[in-house]
Amino acid sequence: MLLKRSLPKVRWKSWFKPWQQLDWPLFFLPFGVSIFGGLMIFSTELKQPVTDWWWHWLIASIGAFIALFLARCRYENLLQWHWITYALTNISLIAVMAAGTSAKGAQRWLTIGGFNVQPSEFAKIGVIITLAALLHKHTASKIEDVFRALAITAVPWLLVFVQPDLATSLVFGAIVLGMLYWANANPGWLLLMISPIIAAILFTMSWPLSTPIILFKEIFITPLGVAWAIAMAVLGWLTLPWRRFNIGTIGALSLNLLGGELGIFAWNHVLKEYQKNRLTAFINPEHDPLGSGYHLIQSRIAIGAGEMWGWGLFKGPMTQLNFVPEQHTDFIFSAVGEEFGLFGCLIVLFVFCLICWRLLHVAQTAKDNFGSLLAIGVLSMIVFQLVVNVGMNVGLAPVAGIPLPWMSYGRSAMLTNFIALGIVESVANFRQRQKYYF
């Protein structure tokens, strides 16, 4: 009789056995954010005949099931398939260029079964898997291993950049930097990698101490830009291994000066006026309040109107009267600020901090480098998107078209985030197991 009574308990435990080591807070927190995101999308569309909120919840539910399925699959199997994953990633991006669907001046989608799929979103996972497979064999402690990782990433990055999808290409950069740092790359090398971009900004922007000085025709320099280039030359001498003939110093100096000149050339001859306005509007959105600065101004007004506690759900005037463009996607955080105030914004940010903390915990407790790098790649992706999205909602970053993970409407982005979550949960699920007796 005692044996019969214990059988249901044993069966119940054995049913959950494939998920015994799962990081349940890491699973339920993003799912809860998705539910809340759908509620906020519903608030932004309360007076419109659309059902994006319903699709948001449906895709989140599908994504949650996919994450649970992936969590019970051994993540080590991805090692055997990482080159196939890399090839499929690039093929899908090439397919977008050949037969993609265009919208808003960009060709980013493939129409499959009546649905628009954005391969550049799923390409983030392909890059994370490929880099984790490479760096777990050869850490980034040697400069040649860093170059190998950059070369592998360059192909999908370029295919995304030419769509054009600058926002997603920036996410690729954040993923690479985060994973290289975790793989023991010298922090000085990482700074040197992004230094030409900073040089381009310093050479281009009309800031104090950066007034352009004409050297010859289209060649300009700025005092601040030259100072930066010299500082990077010193950093190159201190960190790069090529001290003979000062190759590292000369290379770092040349790259930064070249980056500055290319930045000036692109600003004057490549970028269109609306692109320039979009990049600089966050500095002074009132300069073009009905054009490039409109999104930023309306978002800041909505967040400011919420004050400490907000107007309440479905009661925010800016949200209900649709004064904030694209609020259900890139500017969903402004709806939170208006209807739940500063308190609601802090709660949302706190939840995201918990998610990032759990991702970092999985990376630290993974049983091998491959699993640890997978978790760090996903963490880098989430952190960058969170910082940029919230930054552009409050006017501290340019409008880059980067969604807020699990909250902004976007079917491809939602599935990507849950697939990434499932892979990290697999890393957590197959850590060193404890012994269970049934």
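Q: Which helix gives the most to the lining of the second largest cavity?
A: In this predicted model, local features need pLDDT of at least 70, side-chain atom pairs count only at pLDDT 80 or more, and totals for chains, interfaces and linings use all residues. Residues are numbered from 1 along each chain as its sequence is written, and side-chain values use heavy atoms, with hydrogens and water left out. A cavity is a set of points, on a 1 Å grid over the protein atoms alone, where a 1.4 Å probe fits but cannot get out, and lining residues have an atom within 4 Å of a point. Helix 5 (119-137), helix 15 (369-393) and helix 16 each supply at least two residues of this lining, and the most, three residues, come from helix 5.

Q: How many polar residues does the lining of the second largest cavity have?
A: The cavity is lined by I125, I128, I129, L374, V378, A420 and I423. Ala, Val, Leu, Ile, Met, Phe, Trp, Tyr, Cys and Pro count as nonpolar, Asp, Glu, Lys and Arg as charged, and the others, Gly among them, as polar. By class, the lining has seven nonpolar residues, no charged ones and, for the class asked about, no polar residues.

Q: What is the volume of the largest cavity?
A: Its lining includes E121, Q385, W406 and N417, and divides into seven nonpolar, four polar and one charged residues. Grid points are joined across faces, edges and corners, and a volume is the space filled by probe spheres set on the points. On that basis, the space in the largest cavity is about 60 Å³.

Q: Which helix supplies the largest share of the lining of the second largest pocket?
A: A pocket is an open set of grid points with protein on both sides within 12 Å along at least five of seven lines. The second largest pocket has a volume of about 410 Å³ and is lined by 21 residues, of which L78, I125, I129, I419 and I423 lie nearest its centre. Helices (H or I, at least four residues) are DSSP runs, numbered from the N terminus. Helix 3, helix 4 (82-99), helix 5 and helix 16 each supply at least two lining residues, but the largest share, six residues, comes from helix 5.

Q: Against which helices do the buried residues of helix 3 pack?
A: Buried means under 20% relative accessible area, exposed over 50%, and partly exposed in between (1.4 Å probe, protein chains only). The buried residues of helix 3 are D52, H56, I59, A60, G63, A64, A67 and A71. They cover an arc of only 150° around the axis, taken from the directions from the helix axis to the C-beta atoms, and therefore lie on the same side of helix 3. F65 and F69 are exposed on the other side, while the buried residues pack against helix 2 (24-44) and helix 16 (411-429).

Q: Is S34 buried or exposed?
A: S34 belongs to helix 2. Not counting residues up to four places away in sequence, S34 touches H56, W57, A60, W406, M414 and F418, where contact means heavy atoms within 4.5 Å. Because its relative accessible area is 0%, S34 is buried.

Q: How far apart in space are I283 and G395, C-alpha to C-alpha?
A: I283 is in the loop between helix 11 (273-280) and helix 12 (294-305). At 48% relative accessibility, I283 counts as partly exposed. I283 and G395 are 112 residues apart in sequence, and their C-alpha to C-alpha distance in space is 7.9 Å.
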